[in-house]
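Try each task on your own before you read its solution.

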Amino acid sequence: MVPLSWYLILAAALFCIGLYGVLARRNAIAVLMGVELMMNAVIINLVAFWRYIQPTLINGQVFAVVVFAVAAAEASVGLALIISIYRRRNSVVAEDMNLLKW
Amino acid sequence: MDISQIIFLIVAAVTIISAALVVTSRHLVHAALWLIVTLFSVAVLFVLLEAGFLAVVQVVLYIGAIAVLILIAMMLTRKAMSDEPAQANSQWQISLVVAAAAFIGLAGLLNANAWPGLTTVDLSGSLTQLGMALVRPDEFVLPFEVASVLLIIALVGAIAVAGEKK
């Protein structure tokens with residue numbers, strides 16, 4: 001039997017790897033891939049808590065479904081923004097996107 | 001150590017190694033392919049947690065839609081990064097320290113707590129239960145509809161932002 005803490009520590013590791021990707025990558029699409037890893041860690045946590053703490057209530061899975069929908073929306077809008085910026089400035093490097101920075 | 005623990009450890013190792021390759025791979029298309037491996041092993045974790053429907057959604061939505069979308073966006077912006085020498089920015093060392101510190105803190109916190117063990121429950125009706133919970137007015141119909149409206153707004157917004165302007 002796998003203890004709940006193993007799932008939680010795996011999710012924490014996945015989240016931290018995604019965090020490193022978000023902070024350290026230069027390419028904006030690679031930053032978005034880090035965000036996807038972090039979202040997956042969150043969903044693992046939700047499903048693990050559902051299975052171990054209240055498997056008779058379905059609420060945990062419903063939350064996971066909502067997170068899936070939000071992840072799809074985030075990916076589509078994020079990639080559209082990156083493609084739009086690439087068209088205008090011919091670059092996908094996150095450091096170059098500094099129009100709003102002062 | 002029983003069989004489920006061995007399977008979990010193998011899947012966890014695949015998840016962690018492929019996720020590490022996602023954030024460190026020099027070639028971005030390789031990183032996207034490793035992302036697919038990570039997402040697939042997370043789907044295997046959902047199967048281990050007896051959430052079969054979410055495993056299917058993970059494969060169809062994450063691998064079938066989001067990963068392919070990322071690959072297509074990569075192809076559309078291919079010229080931009082192919083001749084760049086460095087894929088990590090100047091703050092990558094401090095990012096590594098921050099991520100490692102966050103993991104150590106979280107792992108210590110999670111280990112210190114006494115979590116409930118796994119109970120054997122009959123989960124054969126959980127898919128029906130999930131479907132009913134998403135459309136029942138006294139349960140989650142409102143969040144479900146809000147999520148669908150959010151998806152429509154996101155799709156319209158994506159088309160408006162990325163569409164060619166004359």
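**Exercise 1. Find what share of the contacts in chain B between residues at least 6 apart in sequence join residues at least 24 apart.**

Step 1. Start with the term: two residues are in contact if their C-beta atoms, placed from the backbone, lie within 7 Å.
Step 2. Among the contacts in chain B between residues at least 6 apart, 44% join residues at least 24 apart.

A note before going on: this is a predicted model, where local features need pLDDT of at least 70, side-chain atom pairs count only at pLDDT 80 or more, and totals for chains, interfaces and linings use all residues. Residues are numbered from 1 along each chain as its sequence is written, while chains are lettered from A and ligands numbered from 1 in the order in which they are written.

**Exercise 2. Describe the build of chain B: which elements does it have, and is it spread out or compact?**

Step 1. Helices (H or I, at least four residues) and strands (E, at least two) are DSSP runs, numbered from the N terminus.
Step 2. Chain B has seven helices and zero strands.
Step 3. Its radius of gyration (taken over C-alpha atoms) is 20 Å, well over the 15 Å that the globule rule gives for 166 residues, so chain B is more spread out than a compact globule. That rule is 2.2 Å times the number of residues to the power 0.38.
Step 4. The C-alpha trace of chain B spans about 55 × 45 × 25 Å along its principal axes.

**Exercise 3. Decide whether I83(A) is buried, partly exposed or exposed, and list what it touches in chain B.**

Step 1. Locate I83(A) in helix α3 (residues 59–89) of chain A.
Step 2. A residue is buried with 20 or more other C-beta atoms (placed from the backbone) within 10 Å of its own, exposed with 12 or fewer, and partly exposed in between.
Step 3. I83(A) has 19 C-beta neighbours inside 10 Å, so it counts as partly exposed.
Step 4. Leaving out residues up to four places away in sequence, I83(A) touches A73(B), L76(B), T77(B) and A162(B).

**Exercise 4. Work out which element gives the largest share of the side of chain A that touches chain B.**

Step 1. In total, 63 residues of chain A are in contact with 75 residues of chain B.
Step 2. Two or more residues come from each of α1, α2 (28–53) and α3 of chain A.
Step 3. The largest share, 20 residues, comes from α3(A).
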